[in-house]
Amino acid sequence: MKIIKTIAQLRSYRATLIGSVGVVMTMGALHDGHATLIKEAVAHNDHVIVTNFVNPLQFGPNEDFDKYPRTLDADAELAETEGAVAMFAPTVEEMYPSGPFVSVSAGAMGTKLEGAVRPGHFDGVVTVVAKLLNLVQPDKAYFGQKDAQQLQIIRRMVFDLNFPVEIQAVPISRDPDGLARSSRNRYLSASERETALTLSKALKTAGTSMTDARKLLDDSDVDVDYFIAVNPETLEETDNGEALVLVAGKVGTTRLIDNAFVNLSNSLTT
Ligand code: AMP
């Protein structure tokens with residue numbers, strides 16, 4: 001598999017590809033969750049390019065940009081095993097050569113929930129996604145349901161700004177015990193991992209009772225940022241019908257997110 005470091009190399013490589021191209025955008029530290037996205041892309045495209053870039057724009061000043069795991073060799077191996085043809089792994093200087101630059105705004109949807117806890121995060125996400133779509137020029141781009149708000153904002157960006165790409169959602173990949181796979185899970189100690197399971201347990205409980213689910217979280221050591229049922233499209237809070245239940249919080253110093261679709265007509269909400 002080809003590892004591509006520069007924009008010039010990527011552009012000339014892209015020009016050689018005949019047939020459909022799928023892209024999977026990642027920050028590296030690839031795990032089985034990323035593998036499900038690559039598998040899905042490989043099944044539906046002639047060529048799959050994986051991008052691997054820890055995007056400084058989407059990290060706050062006190063977040064884990066410096067310590068975010070960087071495992072390029074292992075990532076390339078996993079992507080190749082899953083059938084990707086190339087990995088685009090640029091440096092920060094290659095992606096952002098000039099200091100102040102034009103960027104994309106995620107709008108109102110980018111300032112709530114994750115965006116309220118991480119100001120500027122989604123502007124950073126959509127800016128890098130816009131750049132990577134322009135660079136890779138894929139027919140289809142694959143994103144995980146794990147980052148539900150990100151997925152919805154990217155859908156809106158592609159719709160509102162007329163990017164010629166199909167956005168494909170891939171269901172959440174979980175460890176056998178229910179924990180949503182995440183590059184940040186490797187920060188967790190054994191006991192923190194136990195605590196982290198409360199997130200997926202609460203989402204399961206939300207199917208029958210939002211009240212019991214909230215109590216599970218309140219009684220745990222998870223420092224909850226939000227636990228909320230929203231309309232899956234608008235991300236506005238809701239208390240009826242088909243909803244997306246989103247949860248986020250810290251376990252020790254590690255911030256985790258998870259979500260599930262829940263029919264609130266079957267769930268007690270008082
Ligand atoms: P990241 O490297 O964390 O930025 O994630 C890259 C892509 O993989 C995003 O579209 C994520 O939503 C997706 N992803 C990460 N973890 C999972 C998971 N457990 N299940 C499904 N998709 C995931």
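View 1. Helix α3 (residues 72–81) lies across β1, β3 and β4 (86–88). Its direction runs at about 145° to β4. As in every view here, the model shown is predicted.

**View 2. The parallel sheet.** Six strands make up an open sheet, and their pairing is parallel. Across the sheet the order is β1-β4-β3-β2-β5-β6. Its edge strands, β1 (2–4) and β6 (166–170), each pair on one side only. On average, neighbouring strands of this sheet are turned by 25° against each other, direction ignored.

**View 3. Strands β2 and β3 side by side.** Strand β2 (residues 21–26) pairs with strand β3 (residues 47–52) in the parallel sense. The pairing extends over six bridges. Which residue of β3 is the bridge partner of Val24? The partner is Val50.

**View 4. The packing of helices α6 and α7.** Helix α6 (residues 121–136) packs with helix α7 (residues 148–160) at an angle of about 55°, which means that α6 is oblique to α7. The axes of the two helices are 10 Å apart, and the crossing is right-handed. On the α6 side, the contact is made by Phe122, Val125, Val126, Val129, Ala130 and Leu133. On the α7 side, Gln149, Gln150, Ile153, Ile154, Met157 and Val158 take part. Of the residues in this contact, 10 are nonpolar, two are polar and none is charged.

View 5. Three strands form an open sheet in the order β7-β8-β9, with antiparallel pairing. The edge strands are β7 (223–230) and β9, and each pairs on one side only. Neighbouring strands are turned by 10° against each other on average, direction ignored. Helix α9 (residues 210–218) lies across β7 and β8 and runs at about 165° to β7.

**View 6. Strands β8 and β9 side by side.** Strand β8 (residues 242–251) and β9 are paired in the antiparallel sense over 10 bridges. In β9, Asn259 stands opposite Leu246.

**View 7. A salt bridge between Arg255 and Glu114.** The structure holds 13 salt bridges, and one of them joins the side chains of Arg255 and Glu114 at 2.7 Å, N to O. This pair links distant parts of the chain, 141 residues apart. Arg255 is in strand β9 (residues 254–263), whereas Glu114 is in helix α5 (residues 114–117).

Notes:
Residues are numbered from 1 along each chain as its sequence is written. This is a predicted model: local features need pLDDT of at least 70, side-chain atom pairs count only at pLDDT 80 or more; totals for chains, interfaces and linings use all residues. Side-chain values use heavy atoms; hydrogens and water are left out. Axes are lines fitted to C-alpha atoms, for helices over the stretch in contact, and angles run from 0 to 180 degrees between N-to-C directions. Helices (H or I, at least four residues) and strands (E, at least two) are DSSP runs, numbered from the N terminus. Angles under 35 degrees count as roughly parallel, over 145 as roughly antiparallel, 65 to 115 as roughly perpendicular and the rest as oblique. A crossing is left-handed if the near helix is turned anticlockwise from the far one by less than a right angle, and right-handed if clockwise. Contact means heavy atoms within 4.5 Å. Ala, Val, Leu, Ile, Met, Phe, Trp, Tyr, Cys and Pro count as nonpolar, Asp, Glu, Lys and Arg as charged, and the others, Gly among them, as polar. Two strands pair if DSSP finds at least two bridges between them. A salt bridge is a side-chain nitrogen of Lys or Arg within 4 Å of a carboxyl oxygen of Asp or Glu.
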